[in-house]
Amino acid sequence: MMPPSILNANQLTGWLIRITCLFWLIAKIICCRLWLSDRLFPLVPAFDFLVAPSLVHWSLFILSLICLFLLLFFPDKKVFQIGIIVFEVLSCILDQNRWQPWEYQYIFTILIVLLNRKNEKHIISLMIFLLAAVYFYSGVGKLNPMFIRSIWCNLLLSKTFGVSNAVIYQANVYYSGYLLGMIEVALGIGLLIKRFRKVSLILLIVMHIIILGVFGPVGLNYDHIIWPWNLSMLGYLIFFTVKNNNIEFITAPLKLYRNIPMVILLGVMPIFSLFGRWDFFLSFSLFSSRPTDMYICMKRDINNPLNQYCDTSQTPCDKESLLINVRKWAFKEMYAPAYPQTRVYEKIKNKLQYQFPNMQATYFIYIYRNGKKVKEEMK
C-alpha cells in the first residue's frame, strides 16, 4: 500500500473515509441500543409528531451499517456517502440522544468530502479546521471550577492516580487542572498556524494515547464509546502529520459558498453554548462537567423495571426512595450518555410519567451556573 504522501486525490480521500467509517461502524455497534427503539430509555424525537415503529429504527440502523461497511471498500462512491448522511440524519431526528459529539463530527467529515470532491486541499484544510474546532471548544469547556472538582480532582488525580486529598487540595496541584483545558485550546489554535501545526499534531497524538491509557481497558475501563472516537482522532492526526504541507489557510475552501454553513456551525455556533444558547454536545463539550444532569427519586417498587438502573447511593433522595442517575442509566442500557439538554430531560420526564403512571417520583436537574451545579426540581 502506498504511503499517503504519494497517493492521488481520490486515494487520499479514501484514507479519510476509511478512518471515519471504520470507527463510526465500531461505535454504532458498541452502542447499538441507542439506535433502536426496543429499550426502556425513552426516545426523544426532534419533533413530537415523529413517532416511528421499531421496524423503522431497525431499518435505518442496518442501512447505516451497510453503507459504512461498503465505504470501507468503496470510499469514493458518492451514492454510499450520500446514503450514510441521509440514514444518519433520519435516525437522529427520531431521537435526540443520538446527537452524540462523535456522530456530529463524523457526519461533517463525510459532508466535507462530499461537497469538495476532487479538491484534496480543500478537504484537508476543512478537516484541519474541524479538528481545531473540536479541540478548541473542548478545551474552552474545561475552563470551569466544576471540571476541576469533578474531573481533575476526583476522576483523574484521586481515582486514576491515587493521589491523596492532602496533595490534591494544595493550591498549585488543584489549580493546575486548568492547564488541561488551556493546553487543548492552544493545540487547537496551533493546528491553524503553519509554524506550529506539526508540533500541535504530535502533541495531540500523545494526548490521545494518554486518554486511551487512562480511560481504556488498562486504566479506568470507563466510557467505552469514546475509545473508537479517540482512535479515529489518532488516525486523523497521523494522516495530517504526513500531509502537513498540503494544508491551505481556511479562506481557500470558503471561496465555495457551500462550505460556509459548515464553518459557521463548527467554528461560530459553539461560542453560544457558553451562554446556554447552543447545545453542549454540538459544541464538543465533553468531560467539561458543564452539561446539565438529571436525577430521579422514585419510591421503592419491586415491580418497577427501572429498579435495575437505580444507583446504590440514596443521596439526594429520602430513605424511602431510590435514585436514578439518568446519565448512568443511559450508559448502562445504551453505552452512550443521554443528550444533556433541559428540553430533552423534560420530554424524558413526560414519557416516564406516561409509561409508569403509578410511579411516585420526583424529577430534578443540576444545571451549571456561576461555577457550580444548582439543583432545580422539574415541575
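Trainee: Is Ile302 buried or exposed?
Mentor: This is a predicted model. Ile302 sits in the loop between β1 (293–299) and β2 (321–325). Exposed means over 50% relative accessible area. Ile302 has 79% relative accessibility, so Ile302 is exposed.

Trainee: How far apart in space are Ile302 and Phe284?
Mentor: In sequence, Ile302 and Phe284 are 18 residues apart. In space, C-alpha to C-alpha, the distance is 39 Å.

Trainee: Is Asn144 buried or exposed?
Mentor: Asn144 lies in the loop between α5 (120–141) and α6 (145–160). Buried means under 20% relative accessible area. Asn144 has 2%, so Asn144 is buried.

Trainee: Which backbone atoms does the side chain of Asn144 reach?
Mentor: Take Ser288 to begin with. The Asn144 side chain reaches the backbone oxygen of Ser288 at 3.0 Å. That side chain also reaches, at 2.9 Å, the backbone nitrogen of Phe147. The atoms asked for are the oxygen of Ser288 and the nitrogen of Phe147.

Trainee: Which residues does Asn144 touch, leaving out those up to four places away in sequence?
Mentor: Ser288 is one of them.

Trainee: Which residue forms a salt bridge with Glu333?
Mentor: The structure holds ten salt bridges. In this one, the closest N and O atoms are 3.7 Å apart. The partner of Glu333 is Arg33.

Trainee: How many residues apart in sequence are the parts that Glu333 and Arg33 tie together?
Mentor: Glu333 lies in helix α13 (residues 326–334). Arg33 lies in the loop between α1 (9–30) and α2 (54–73). The pair therefore ties together parts whose separation in sequence is 300 residues.

Trainee: Are Glu333 and Arg33 buried, partly exposed or exposed?
Mentor: Glu333 has a relative accessible area of 4%. Arg33 has 35%. So Glu333 is buried, whereas Arg33 is partly exposed.

Trainee: Which residues are linked with Arg39 in a network of salt bridges?
Mentor: Two side chains meet at 3.9 Å, N to O: those of Asp95 and Arg98. Both residues are buried. The network links Arg39 with Asp95 and Arg98.

Trainee: Which residue forms a salt bridge with Asp293?
Mentor: The closest N and O atoms are 2.8 Å apart. The pair links strand β1, which holds Asp293, with strand β4 (residues 372–377), 80 residues apart.

Trainee: What volume does the largest cavity have?
Mentor: The structure holds three cavities of 30 Å³ or more. Residues that line the largest cavity include Tyr137, Pro270 and Arg290. Its lining divides into four nonpolar, four polar and one charged. Its volume is about 40 Å³.

Trainee: Which element gives the largest share of the lining of the largest pocket?
Mentor: This pocket holds about 1,300 Å³ of space. Of its 41 lining residues, the closest to its centre are Tyr222, Tyr295, Asn325, Arg327 and Lys328. Two or more residues come from each of α6, β1, β2 and α13. The largest share, six residues, comes from α6.

Note on methods:
Residues are numbered from 1 along each chain as its sequence is written. This is a predicted model: local features need pLDDT of at least 70, side-chain atom pairs count only at pLDDT 80 or more; totals for chains, interfaces and linings use all residues. Side-chain values use heavy atoms; hydrogens and water are left out. Helices (H or I, at least four residues) and strands (E, at least two) are DSSP runs, numbered from the N terminus. Buried means under 20% relative accessible area, exposed over 50%, partly exposed in between (1.4 Å probe, protein chains only). A polar contact is a pair of N or O atoms within 3.5 Å; within protein, one must be able to donate a hydrogen and the other to accept it, and residues adjacent in sequence count only if both atoms are side-chain atoms. Contact means heavy atoms within 4.5 Å. A salt bridge is a side-chain nitrogen of Lys or Arg within 4 Å of a carboxyl oxygen of Asp or Glu. On a 1 Å grid over the protein atoms alone, a cavity is a set of points where a 1.4 Å probe fits but cannot get out, and a pocket is an open set with protein on both sides within 12 Å along at least five of seven lines; lining residues have an atom within 4 Å of a point. Grid points are joined across faces, edges and corners, and a volume is the space filled by probe spheres set on the points. Ala, Val, Leu, Ile, Met, Phe, Trp, Tyr, Cys and Pro count as nonpolar, Asp, Glu, Lys and Arg as charged, and the others, Gly among them, as polar.
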